[in-house]
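We will go from stop to stop, picking something to select each time.

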Amino acid sequence: CPVLLAPKSSGVAMPPPADIVKVAIEWPGAFPKLMEIDQKKPLSSIIKEVCDGWSLANHDQFALQHADSSNFYITEKNRNEIKNGAILRLTTSPAQNAQQLHERIQSSSMDAKLEALKDLANYSRDITFAQEFINLDGISLLTQMVESGTERYQKLQKIMKPCFGDMLSFTLTAFVELMDHGIVSWDTFSVAFIKKIASYVNKFASDISILQRSLAILESMVLNSHDLYQKVAQEITIGQLIPHLQGTDQEIQTYTIAVINALFLKAPDDKRQEMANILAQKQLRSIILTHVIRTQRAINNEMAHQLYVLQVLTFNLLEDRMMTKMDPQDQAQRDIIFELRRIAFDAESEPNNSSGSIEKRKSMYTRDYKKLGFINHVNPAMDFTQTPPGMLALDNMLYFAKHHQDAYIRIVLENSSREDKHECPFGRSSIELTKMLCEILKVGELPSETCNDFHPMFFTHDRSFEEFFCICIQLLNKTWKEMRATSEDFNKVMQVVKEQIMRALTTKPSSLDQFKSKLQNLSYTEILKIRQSERMNQEDFQSRPILELKEKIQPEILELIKQQRLNRLVEGTCFRKLNSRRRQDKFWYCRLSPNHKVLHYGDLEESPQGEVPHDSLQDKLPVADIKAVVTGKDCPHMKEKGALKQNKEVLELAFSILYDSSGQLNFIAPDKHEYCVWTDGLNALLGKDMLSDLTRNDLDTLLSMEIKLRLLDLENIQIPDAPPPIPKEPSNYDFVYDCN
């Protein structure tokens, strides 16, 4: 074979054209072929060229796929992801492959069937193949195999148990992967199929892979279809799910809690309380506490998310009471107020109840209601007409009075013996505190898709919200005394109490007692110290010379922030792809080239440890091609039909890069910090202002530090507001030396 020598170049070597990609292409039994792919040519003509090189006829029955572990087909849509040095494989086309697998999985040979199902589970991750297989009615075939095929192998099950388990596992895996693409609606499945999947939760409890996929299918059914929710709820009981929480496999525990959460979330309002009662009877809370929270294993992100969802759904049961106004005519509700009065003043006022006129008794009740701290002394029922907190506040007060009677009586009597203006009004405090706790715990809001913020202490008591209130009302009374507050200071006290509660919650106490001891260390004096130190760190100098100095320094600080943002973009970030099954996380990585000219991005099999090099990211986008950066509701992926039933938190983390006529790169940041870094960095690349909260905070912090450093020599010297006056001109200039 003659070797062609390129003519010697006198100048610098030219870079290869941007549309040419150098790849290696494999074909079984042949040496790999090195070739250049012209991305401007149609894919079909490239495949024909490859087939002709190996003298293969019917080139339309072939396709190219990545020769890595993904085996994904190359299509006109994703061909831009091919990078220099990639290894591709010539293989049968997706349609041909789907047809062959459709036939192979119906083979009468058990071994052939098992091998075919294994291949199907692998190929189904690729949406190109999935579309072709679904077009052949492949999902119906799989559901029929699950419904009826298993009976055919019941006899074989005892002899060939491992083979049967693997076969079912691959069938369910393929089904989950195919459904995950969102091509087929979940509403199409029969009761027989649901019964079969539900039965696997009990029958194959020891087979982790079958159990895991069965739970995943049940969760998706419940979340994606109202009709299927009702059918699944009839087939699977909480009692059947509970044993899976008592095992040691955290993934199975996570899937189990996910199914319980899905049933809880989709239950009609009138059924939700009933389900909560069943969960209480089955001691779900204590089982989770023992087998999940208090084990030696660390809780992974997905488990933390499911526990957070369960926590939110449990607290949301309080929404009904929170939004119910008190009916002043309802005797049962009025009796609760009488009961509060009776417990507090039983000893001192019981004898008077039997004698005296109605008027006398009324005036005594009015006096007692004033001591109890109600705003409306004559008719306290009127205090509970504001929603939130509605009747929930009264429920909390009664719980406190009955379950912490000594503390309740002490607070009421202690305050009724003080001067009027110094007493801490128990009634008004309880109503405002309940409202505050509902805001802190976001009662009534749907759980966020991305939040992992669960609190172990709420899993330590069946009435955790009421116990939380009891601790906080005692804290409020203590803080009131420490502040020597009067009735005019009510709102100030509530602000301090909120700060104490929030600071204690951020330490994630493991029990209510630990929460109580954290609050002991956060007295009013301690809060003042914390505030003082924070104020010192963020001191705002308002004199004119300082403001002028700030103005002068600000551009260099903003340039420093800009450089930091761009450096972070060069390091890159791992983003999660949004999909309906959160546990099967799919990741992609994006980073900026060191010369700030190109964004490199590509899919990852798993979350990376450290940076991902540029050359392992398949695709790139020149910064010069970026037309705009949009955020929140303006993002294309937030406008898509049913895009994950977007909630506020996901919207706040969404941003998109728009390029060309219709090109877009859609992001969901892992957290608010990364969102700010990326939106700032992209705006800086486009020459726009960085407007995020993070930039504002960084600017304030760095400006404050820089000014303090520059003023170190002036410590304890008063800085004047105006510059010193200019001195008079001298009477003569004899002292001036003339250099000429």
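Here is a short tour of some helices and a few single residues.

**Before you start**

This is a predicted model, in which local features need pLDDT of at least 70 and side-chain atom pairs count only at pLDDT 80 or more, while totals for chains, interfaces and linings use all residues. Residues are numbered from 1 along each chain as its sequence is written, and side-chain values use heavy atoms, with hydrogens and water left out.

**Stop 1: helix 21**

Select residues 426–440, which form helix 21. Helices here are DSSP runs of H or I with at least four residues, numbered from the N terminus. Helix 21 has 15 residues and reaches 20 Å from its first C-alpha to its last, close to the 21 Å expected at 1.5 Å a residue; the expected span is 1.5 Å times one less than the number of residues.

How many of the residues of helix 21 are buried? The count is 11 of the 15, so the helix is largely enclosed by the rest of the structure. (Buried means under 20% relative accessible area, with a 1.4 Å probe and protein chains only.) Among them are Phe426, Gly427, Ile431 and Met436. To see what surrounds them, show helix 16 (319–322), helix 19 (391–403), helix 20 (405–416), helix 22 (464–482) and helix 23 (490–506), against which the buried residues of helix 21 pack.

Now step just past the end of helix 21 to Lys442, which takes a positive phi of about 55 degrees.

**Stop 2: where helix 21 meets helix 22**

Keep helix 21 and helix 22 on screen: their axes come within 10 Å and cross at roughly 125 degrees. Axes are lines fitted to C-alpha atoms, for helices over the stretch in contact, and angles run from 0 to 180 degrees between N-to-C directions. The two helices are therefore oblique to each other. Angles under 35 degrees count as roughly parallel, over 145 as roughly antiparallel, 65 to 115 as roughly perpendicular and the rest as oblique.

Show side chains next. Residues of helix 21 including Phe426, Leu433 and Leu437 meet a set in helix 22 that includes Phe465, Phe469 and Leu476. The residues of this contact divide into 10 nonpolar, three polar and no charged. Contact means heavy atoms within 4.5 Å. For the classes, Ala, Val, Leu, Ile, Met, Phe, Trp, Tyr, Cys and Pro count as nonpolar, Asp, Glu, Lys and Arg as charged, and the others, Gly among them, as polar.

**Stop 3**

Select Ser464, which has its place in helix 22. Ser464 is buried, with a relative accessible area of 8%. Leaving aside neighbours within four places in sequence, Ser464 is in contact with Phe315 and Phe458.

Next, pick Gln311 in helix 15 (residues 301–315). Gln311 counts as buried at 8% relative accessibility. Not counting residues up to four places away in sequence, Gln311 touches Asp453, Phe454, His455, Phe458 and Phe459.

**Stop 4: Val292**

Finally, select Val292 in helix 14 (residues 284–293). Is Val292 buried or exposed? At 0% relative accessibility, Val292 counts as buried. Beyond its neighbours within four places in sequence, Val292 is in contact with Gln253, Ile287, Ile299, Met303 and Leu307.

Conventions. Buried means under 20% relative accessible area, exposed over 50%, partly exposed in between (1.4 Å probe, protein chains only).
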